[in-house]
Amino acid sequence: MKKITQITLAALLAAPVTLGSLSLPASVSAASATPAGQTTSQAVKGPVAQAPSVYTESAADYAQFLQAKYNIQLPKQLTKGDFIKAIATILEADQAAPATDEASNSEVKAPAFTDLNSNDSTYKAAVSLYNNGILSGTEVRANDQLSTYAAVFIAVKAAGFKELAYTYPENKTAKALAKLGISSSRVQGQAAQELAAAIDTGLIPESLYPALRKGGEASSDFANILLGRVLTSQGKYKNEIGRSGDADIYSKLYAAYRTADLIEAPELRTIVDQALRNDLVTGYNLKDSRFDSNFIDELTLTYGHDDIKHAVQLIGLLRSEGIDADVQFQPKTSAFIYLKEWGEPKETPDYKVTQIENGNYIAYAKEYDIQFEFNNTADKARFNDIILKYAKKNSDDTSALIHASWWQPLYYSPTALAEYPVIANNKISLGNYYAQSFSLKENSKAIQEGFRKLAPDADISSYTFWVDHPFFNYLNGESE
């Protein structure tokens, strides 16, 4: 078994004590995961080309996200009612409609639509949008083909730019419309203001300008892009620091790491620290849900480590292998038992200890998770071979590996992957913060029951997910 050092102790696993946790190998991270789905279909997000320097979300990207997250799939022949229902689904998913005066009486206001009744499939969505100031008239025309302009007028208000639009004076409106290549005489009044604001805010990308100049019916691609831009404007699209192919991705990684501190969460930490004292687990992670990526599960992998130079080289490795992916950095604090016989621990701003009753310590170490959303499931599947070849130690000779490679690298998927074993995550949540501990499936029930005894009123959950084989071997007590 490989010798453990104080530095690598920051990477101890949050496994049940029954797994021989008092003699752990250096190369594993205390646990973290995202809820698991079960799909294995071969979704494709984009081409498997060399990483581009600039990536712009396409209609297909947005369509895939809408289907995965909201079960929205627009028909090719698109009606205004279809678009209204899609907008309502986006706004109601988090039960957080735009804060407007019109929304103040949303629960009691029942508009008298002239062409819709309560039995119509669009009725509920139309009521919601009307009460939120997104639809203003009582004639909905839900069965009409969706026009490009009607889509924009709905989208600009759904995106939260309504008040901004109505600040536009005539000259500013005309200037914005000139970017689109149409005269101010073509669209007037509030409609012109709404269109101008949609242009200036980027709600309408330049790729949609030709369709707007032409007018007429909106295609499903046109509508998907608008829906995606509404999600982005509402903060409901992907939460990421960039893409692996971005020219500034390394600077963003370093900035994210430098500004991340040890997570305190004292109320939550008190609970899971007691779990450590009780030998229920040998470690856990603290994370903040506000850093959740909101990536598509089927395309996502999470990779844990403690050395930021390793993350930078990992991004470079992916680029060198022709893989481009969305990247989210998630701060993480790992906590574990530090035995007194290991010597006096040395504290730093990123490594703190608290001595406990038996003379041992609870150590808290700064780590991170990086979540990748790959362009397609083929790239996601390739990741395993790349790590095993270039980022996993198999001997003390690391000359052919990226910096700070581990004996047991940790990466995992919320959906099934070939040759990835299934393990469990045991999780306690309080507000934005959560603590989690990985275990073998058969040990999960005992850990959950132990957590419930310590915190009967806390939100405690457990779920399974797919993890790389070296880490699974570690859970079974193997050192490599």
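Which residue lies over the face of Tyr 257? Select Tyr 257 and display its side chain: Lys 366 lies over the face of this ring, at 4.0 Å from the ring centre. Please keep in mind throughout the tour that the model is predicted.

**The whole chain**

Next, show the entire chain as a cartoon. The chain contains 16 helices and 10 strands. Of its 480 residues, 56% count as buried.

**The nonpolar cores**

Select Phe 83, Ile 87, Leu 129, Leu 195, Ile 204 and Leu 226. These are the residues with the most contacts inside the largest nonpolar core, which has 67 residues. Several helices supply at least two residues each to this core, among them α2 (59–70), α3 (80–92), α4 (123–131), α5 (148–158) and α10 (220–233). Colour α5 separately, for α5 gives the most to this core, with nine residues.

Now centre the view on Ile 204. Apart from neighbours within four places in sequence, Ile 204 is in contact with Val 152, Leu 195, Ala 198, Ile 199, Tyr 209 and Leu 212. Then move to Ile 323, Val 327, Ala 391 and Tyr 463, which are included in a second, separate core of 43 residues.

**Helix α3 and Thr 89**

Return to helix α3 and select Thr 89, which lies in this helix. Is Thr 89 buried or partly exposed? Its relative accessibility is 31%, and Thr 89 therefore counts as partly exposed. Leaving aside neighbours within four places in sequence, Thr 89 is in contact with Tyr 70 and Ile 72. Draw a distance line from the C-alpha atom of Thr 89 to that of Ala 125: the two are 7.8 Å apart in space and 36 residues apart in sequence.

Select Ile 296, in the loop between β2 and β3 (300–305). Ile 296 has a relative accessible area of 5% and is buried. Which residues does Ile 296 touch, not counting residues up to four places away in sequence? They are Gln 64, Phe 65, Ala 68, Lys 69 and Glu 373. Of these, display Phe 65: its C-alpha atom is separated from that of Ile 296 by 6.7 Å, although the two residues are 231 residues apart along the chain.

**Strand β9 and its partners**

Select residues 433–439, which form strand β9. Six of the seven residues of β9 are buried, so this strand is largely enclosed by the rest of the structure.

Strands β2 and β9 run antiparallel and are joined by four bridges. Here, Asp 288 stands opposite Tyr 433 in β9. In a regular strand, side chains alternate between the two faces of the sheet.

**Aromatic rings**

The structure holds 24 aromatic pairs. Begin with Phe 438 and Phe 471. Their ring centres are 6.1 Å apart and their planes are at 85°, so this pair is edge-to-face. Because Phe 438 lies in β9 and Phe 471 in helix α16 (residues 469–475), the pair ties together parts that are 33 residues apart in sequence. Phe 438 is buried, at 0% relative accessibility, and Phe 471 is likewise buried, with a relative accessible area of 0%.

Then select Tyr 303, Phe 372, Phe 374, Phe 383, Tyr 411 and Tyr 420, which ring pairs link into a cluster. Finally for the rings, display Arg 269 and Tyr 364: the charged end of Arg 269 sits over the ring of Tyr 364, 4.3 Å from its centre.

**A buried aspartate**

For the last stop, select Asp 326, located in strand β4 (residues 325–338). Asp 326 counts as buried, with a relative accessibility of 0%. Which side chains make polar contacts with the side chain of Asp 326? One is that of Lys 238, at 3.5 Å; another is that of Arg 243, at 2.9 Å.

Note on methods:
Residues numbered from 1 in each chain as written. Predicted model: local features only at pLDDT ≥ 70, side-chain atom pairs only at ≥ 80, totals over all residues. Heavy atoms only, no water. Core = buried A, V, L, I, M, F, W, Y, C linked by side-chain atoms within 4.5 Å. Buried < 20%, exposed > 50% of the residue type's maximum accessible area, 1.4 Å probe, protein only. Contact = heavy atoms within 4.5 Å. Phe/Tyr/Trp six-rings, centres within 6.5 Å; stacked < 30°, edge-to-face > 60°. Lys NZ or Arg CZ within 6 Å of the ring centre and 35° of its normal. Pairing = 2+ DSSP bridges. Polar contact = N/O pair within 3.5 Å; in protein donor to acceptor, adjacent residues only side chain to side chain.
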